[in-house]
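Biologist: Please take me through this model one part at a time.

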Amino acid sequence: MRIGVDLGGTKIEGIVLDGGREVCRTRVPTPRGDYRATVAAIAALVAELERTAGGRGTVGIGMPGAISPASGLVKNANSVWLIGQPFAQDLEAALARPVRLANDANCFALSEAVDGAGAGAEVVFGVILGTGTGGGVVVRRHVLTGPNAVAGEWGHNPMPWPAEGEWPGPPCYCGRTGCIETFLSGPGLARDHADLSGERSSGPDIVARAAAGDAACLASLRRYEERLARALASVINVLDPDVIVLGGGLSSIPSLYAEVPRLWTPFVFSDTVTTRLVPPRYGDSSGVRGAAWLWEDDPHAVGLEPPQAVGRKP
Ligand SMILES: [Zn+2]
């Protein structure tokens with residue numbers, strides 16, 4: 001069996017998968033600001049899942065940020081108490097087995113690629129449109145990490161083919177301006193709407209009011225769709241994925257799936273564009289499911305196997 005753990009800023013969620021079937025699931029609050037307690041909470045969560053499921057499993061963990069291939073330490077995490085810690089090593093010691101860790105957007109992409117909305121596709125690009133704009137690339141059911149652990153991180157590239165007013169663009173927390181994230185995250189949508197309409201409104205509120213016919217909100221949503229189309233066209237020109245799966249809060253906007261593929265066509269360097277843009281199958285569960293699927297290639301993880309059957313793979 002495969003255990004997946006999704007370490008979030010406020011909660012840690014764990015799941016046991018037997019094949020693609022969910023056996024059990026549990027969650028605990030994240031001990032914010034306390035690194036040792038975070039490692040201990042994950043170990044306790046795994047122990048509880050194994051008691052419930054009655055077996056021992058492989059453990060995959062989805063986390064904010066990434067493990068730096070250069071140092072082996074956590075980088076780029078918004079859960080800042082993890083940064084600079086040997087998280088993988090400490091978890092392996094606490095759990096007495098090898099663990100695999102991946103960025104949470106990569107886990108989302110993997111879950112949707114293995115048995116979700118991108119199942120059967122060779123190359124899947126998964127996108128999180130929420131408080132940020134994460135992304136992950138899955139090729140033949142394997143997460144592409146890259147030597148810098150930044151594969152799929154499209155959110156801090158500049159908005160391509162900028163229209164007037166988009167460049168140099170709004171400041172981003174990464175230190176640059178005009179990043180894709182400053183336009184396509186929920187806060188980015190809210191800022192753009194405030195700049196043009198003078199109204200302060202949250203991303204979800206703008207979407208709800210657009211659906212009810214509010215003209216200013218509809219205009220903001222149209223700008224959002226057009227920008228998302230340009231930003232994804234630049235991904236298609238580099239990666240040419242079979243499927244792009246959207247996740248995060250803004251992926252629930254129904255118009256994106258019809259409008260964005262129509263709008264991205266002129267920006268894609270091809271006579272025809274057959275790339276599919278689809279909503280997620282598992283939604284919020286994709287983080288934890290994808291973490292479990294980090295051991296997708298392990299033949300011993302199929303069924304309830306004894307602990308000695310679980311070995312580290314390169
Ligand atoms: Zn940025």
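Predicted model: local features only at pLDDT ≥ 70, side-chain atom pairs only at ≥ 80, totals over all residues.

Biologist: In which sense do β8 and β11 pair, and over how many bridges?

Modeller: Strand β8 and strand β11 (residues 243–247) are joined in the parallel sense by five bridges. Strands are DSSP runs of E with at least two residues, helices are runs of H or I with at least four, and both are numbered from the N terminus. Two strands pair if DSSP finds at least two bridges between them.

Biologist: Which way does β9 run relative to β8, parallel or antiparallel?

Modeller: Antiparallel: seven bridges link β8 to β9 (residues 133–139). G126 has G136 as its bridge partner in β9, and a hairpin of three residues connects β8 to β9.

Biologist: What holds paired strands together, in general?

Modeller: Strands of a sheet pair through backbone hydrogen bonds, in either a parallel or an antiparallel way.

Biologist: In what order do the strands of this open sheet lie?

Modeller: The order of the five strands is β10-β9-β8-β11-β12, with mixed pairing. Strands β10 (142–143) and β12 (276–278) are at the edges; each has a single partner strand, so one side of each has no neighbour in the sheet.

Biologist: How many residues of β8 are buried?

Modeller: Six of the seven residues of β8 (residues 123–129) are buried, so the strand is mostly covered. Buried means under 20% relative accessible area, exposed means over 50%, and partly exposed lies in between, for a 1.4 Å probe and protein chains only.

Biologist: Changing topic: which residues coordinate the zinc ion?

Modeller: The zinc ion is coordinated by H156 (ND1), C172 (SG), C174 (SG) and C179 (SG), at 2.1 to 2.3 Å. Donors are N, O and S atoms within 2.8 Å of the metal (3.2 Å for Na, K and Ca), and sites may look incomplete because water is not among the atoms. Along the chain, the donors follow the spacing H-x15-C-x1-C-x4-C.

Biologist: What is the geometry of that site?

Modeller: The site of the zinc ion is tetrahedral, with angles of 103 to 119° among its four donor atoms. Four donors count as tetrahedral if all angles lie between 85 and 135 degrees.

Biologist: Why do C172 and C179 count as buried?

Modeller: C172 counts as buried because its relative accessibility is 12%. C179 is buried because its relative accessible area is 2%.

Biologist: Now to α1: how many residues does it have?

Modeller: Helix α1 (residues 35–53) has 19 residues. From its first C-alpha to its last, α1 reaches 27 Å, close to the 27 Å expected at 1.5 Å a residue; the expected span is 1.5 Å times one less than the number of residues. Its buried residues include Y35, I42, L45 and L49.

Biologist: What do those buried residues pack against?

Modeller: The buried residues of α1 pack against β1 (2–7), β2 (11–18), β3 (21–29), β4 (58–63) and α2 (87–95). D34 caps the N-terminal end of α1, with a side-chain oxygen 3.3 Å from the backbone nitrogen of R36. After α1 comes G54, whose phi is positive, near 70°.

Biologist: Where is T30, and what does its side chain meet?

Modeller: T30 is in the loop between β3 and α1, and it is buried, at 9% relative accessible area. A polar atom of the T30 side chain lies 2.9 Å from the backbone oxygen of G8, and a polar atom of that side chain lies 3.0 Å from the backbone nitrogen of K11.

Biologist: Last one: which side chain makes a polar contact with the side chain of D115?

Modeller: The side chain of R289 does so, at 2.9 Å. A polar contact is a pair of N or O atoms within 3.5 Å; within protein, one must be able to donate a hydrogen and the other to accept it, and residues adjacent in sequence count only if both atoms are side-chain atoms. D115 is found in helix α3 (residues 104–115) and counts as buried at 16% relative accessibility.

Conventions. Residues numbered from 1 in each chain as written. Heavy atoms only, no water. Contact = heavy atoms within 4.5 Å. Tetrahedral: all angles 85-135°; square planar, octahedral: opposite > 155°, others 65-115°.
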